[in-house]
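Reader: Please present the model, and then let us discuss the charged side chains.

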Amino acid sequence: VAMYEDEQEAEQEAERRVRCLKRFGREANKAELQAERDADEAQLQARVAMYEDEQEAEQEAERRVRCLKRFGREANKAELQAERDADEAQLQARVAMYEDE
């Protein structure tokens, strides 16, 4: 009887250990899956941040191009006005010279 009870206790202990190991395995799997999800989420956030940085850089480049174009147009206007002023001055000088003759 004692030997039978010892076998029963040993069998129950073995079953308890198996249940503990299974539960521990499930919890380990859950932790591993959560770690993978966290890593995926971090990678996704990094990609989003990189995409947003690229978008901001692209917008900044477009803004600079617009500024340079506007600056170029203004510089061209100023240059054209300077040429007109020089032509006008030259014309006035010729008129004055013609009138003096």
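**Charged side chains along the helix**

Author: Being four residues apart in helix α1, Glu60 and Arg64 are separated by about one helical turn; helices are DSSP runs of H or I with at least four residues, numbered from the N terminus. This is a predicted model in which local features need pLDDT of at least 70 and side-chain atom pairs pLDDT 80 or more, while totals for chains, interfaces and linings use all residues. Residues are numbered from 1 along each chain as its sequence is written, and side-chain values use heavy atoms, without hydrogens and water.

Reader: How far apart are the closest N and O atoms of Glu60 and Arg64?

Author: A salt bridge requires a side-chain nitrogen of Lys or Arg within 4 Å of a carboxyl oxygen of Asp or Glu. Glu60 forms such a bridge with Arg64, and the closest N and O atoms are apart by 3.2 Å.

Reader: Is Arg64 buried or exposed?

Author: Buried means under 20% relative accessible area, exposed over 50%, and partly exposed in between (1.4 Å probe, protein chains only). Glu60, at 28%, is partly exposed. Arg64 has 52% relative accessibility and therefore counts as exposed.

Note on methods:
Helix = DSSP H or I, 4+ residues; strand = E, 2+ residues; numbered from the N terminus.
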